[in-house]
Amino acid sequence: MMRLSLALLLLTGCIGTTPEEELAAAQGDDPNPPEGPFHRPGQRCLACHGESYNPGGEVFLLAGTVYRRAGDAVGLAGAEVEVTDDDGKVLRITTNRAGNFMVSVGGGGRPGEGWLGVARAPAFPLHVTVRAGGSEQTMRNVIHREGACAACHDRAGKGAASNGEVFLEKTP
Amino acid sequence: MKRTLVPLLVASACGGVSGGGSQPLVELDGDGYASEVHPILEARCATLDCHGVDDRPLRLYAETGLRLQGDLRDQPVQADELTADVRAIEAIDPGAEPADSLMIRKPLAEAAGGVFHEGGDLWTSKDDPQLLCVLAWLSGDSDPDDCAVAAEQVALPPPT
């Protein structure tokens, strides 16, 4: 019994938050959680829209939220997100009214709502630039494989494993 | 005693390469790492979605990636972060010859003699200047020409 307990402890000690737990935490007690391209800005979109776990229905290769400044409560509408893949192919997506953008593979999408559908997946690594209103920010390094911006750009701000929100202008 | 042992066991079961149990093959040169190798690894390996993850084998720190403390974000990489990187590299494949070590064979394409790498093929040939630069450092040597070419290839834009 002691050995079994120890083995379970070792196992659970290595497991972080499950996708189901992340979903439950995001939904909270809301009996009618919001849906569509405008919901849950700033959260890790691929937690529910990833290839391996997608209770949100749509599967996105890339998705995130752009803010004018770090700490803003509301995302920035109308920002252009430019993604250049390893083959030099350029994708441009415009953020929707929530500041959200998303890219799915297989065509379709709703470009007017921040959702771009592409025929084939871009080749990683990806270079990203965000611009709006004459301001521009380019990621200094590349995305090697993570499609959810919030995985490395935590809404909670900067930290040891987070570069903070994706923002366009420095806070004065 | 048991209460102390269990958290230690949990921690060691989850740890990457930062534990003290591994015996490095050689003691690698920290200065050479900082000046020649770290820029390559920062650009090609150490992003937050690859080896810039705390519990990952070959956990790497970098200015644009994982930081030792949260308040270092936006600061240049620190000496203790670079030292931790070197210790992680020493522990990744102890006992291996530099040319056969996972530090070389993981990023190298399988067709060129590498092994499977979840992060894909970073180098398609054994003549890649980045590979040669890293290999020279692992061998206790230096290859200024290839390291200079590599540095140009991996240069990151300055912070804005």
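I started with a pair of helices in chain B: H2(B) and H3(B) are roughly perpendicular to each other. This is a predicted model, so I keep that in mind for every entry.

**Entry: H2(B) against H3(B).** I looked up the ranges, and H2(B) covers residues 30–44, while H3(B) covers residues 79–92. Their packing angle is about 95 degrees, and the axes are 10 Å apart. I called the pair roughly perpendicular because 65 to 115 degrees counts as that. On the H2(B) side, I noted Gly30(B), Tyr33(B), Ala34(B) and His38(B) in the contact. H3(B) brings Leu82(B), Thr83(B), Asp85(B) and Val86(B). I sorted this contact by residue type and got 4 nonpolar, 3 polar and 1 charged.

**Entry: H2(B) against H6(B).** Next I checked another partner of H2(B). How do the axes of H2(B) and H6(B) cross? They cross at roughly 30 degrees and come within 9 Å, and the crossing is left-handed. From H2(B), the contact uses Glu36(B), Pro39(B), Ile40(B), Ala43(B) and Arg44(B). From H6(B), I wrote down Cys147(B), Ala150(B), Ala151(B) and Val154(B). The types here are 7 nonpolar, no polar and 2 charged. The spacing of such lists made me recall that an α-helix has 3.6 residues a turn, so residues three or four places apart point the same way.

**Entry: the bend and the buried stretch.** Where does H2(B) bend? I found the bend at Val37(B), about 55 degrees, with a proline, Pro39(B), following within four residues. Val37(B) and Pro39(B) are both on my list of buried residues in H2(B). That list also holds Glu36(B), His38(B), Ile40(B), Leu41(B), Glu42(B), Ala43(B) and Arg44(B). I then asked what covers the buried residues of H2(B). The cover includes H3, H5 (129–138) and H6 (144–154) of chain B.

**Entry: Leu28(B).** I moved to the loop between H1 (2–14) and H2 of chain B, where Leu28(B) lies. Leu28(B) counts as partly exposed because it has 19 C-beta neighbours inside 10 Å. Leaving out residues up to four places away in sequence, Leu28(B) touches Tyr33(B), Val86(B), Ile89(B), Glu90(B) and Trp137(B).

**Entry: Leu58(B).** In the loop between H2 and H3 of chain B I stopped at Leu58(B). Its phi is positive, about 55 degrees, although Leu58(B) is not a glycine. Is Leu58(B) buried or exposed? I put it down as buried, because 21 other C-beta atoms lie within 10 Å.

**Entry: over to chain A.** I counted 3 helices and 11 strands in chain A. Read from the N terminus, the order is α-α-α-β-β-β-β-β-β-β-β-β-β-β. Chain A has 172 residues, and buried ones make up 34% of them. Among contacts in chain A with a separation of 6 or more, 53% join residues 24 or more positions apart.

**Entry: two loop residues in chain A.** Arg40(A) sits in the loop between H2 (19–27) and H3 (46–49) of chain A. Phi of Arg40(A) is near 55 degrees, positive in a residue other than glycine. I marked Arg40(A) as buried because 20 other C-beta atoms lie within 10 Å. Last, I looked at Pro125(A), in the loop between S6 (115–118) and S7 (127–132) of chain A. A cis peptide bond joins Phe124(A) to Pro125(A), with omega about 0 degrees.

Key: Residues are numbered from 1 along each chain as its sequence is written. Chains are lettered from A and ligands numbered from 1 in the order in which they are written. This is a predicted model: local features need pLDDT of at least 70, side-chain atom pairs count only at pLDDT 80 or more; totals for chains, interfaces and linings use all residues. Axes are lines fitted to C-alpha atoms, for helices over the stretch in contact, and angles run from 0 to 180 degrees between N-to-C directions. Angles under 35 degrees count as roughly parallel, over 145 as roughly antiparallel, 65 to 115 as roughly perpendicular and the rest as oblique. Two residues are in contact if their C-beta atoms, placed from the backbone, lie within 7 Å. Ala, Val, Leu, Ile, Met, Phe, Trp, Tyr, Cys and Pro count as nonpolar, Asp, Glu, Lys and Arg as charged, and the others, Gly among them, as polar. A residue is buried if 20 or more other C-beta atoms lie within 10 Å of its own, exposed if 12 or fewer, and partly exposed in between; C-beta atoms are placed from the backbone. The bend at a residue is the angle between axes fitted to the seven residues ending there and the seven starting there. A crossing is left-handed if the near helix is turned anticlockwise from the far one by less than a right angle, and right-handed if clockwise.
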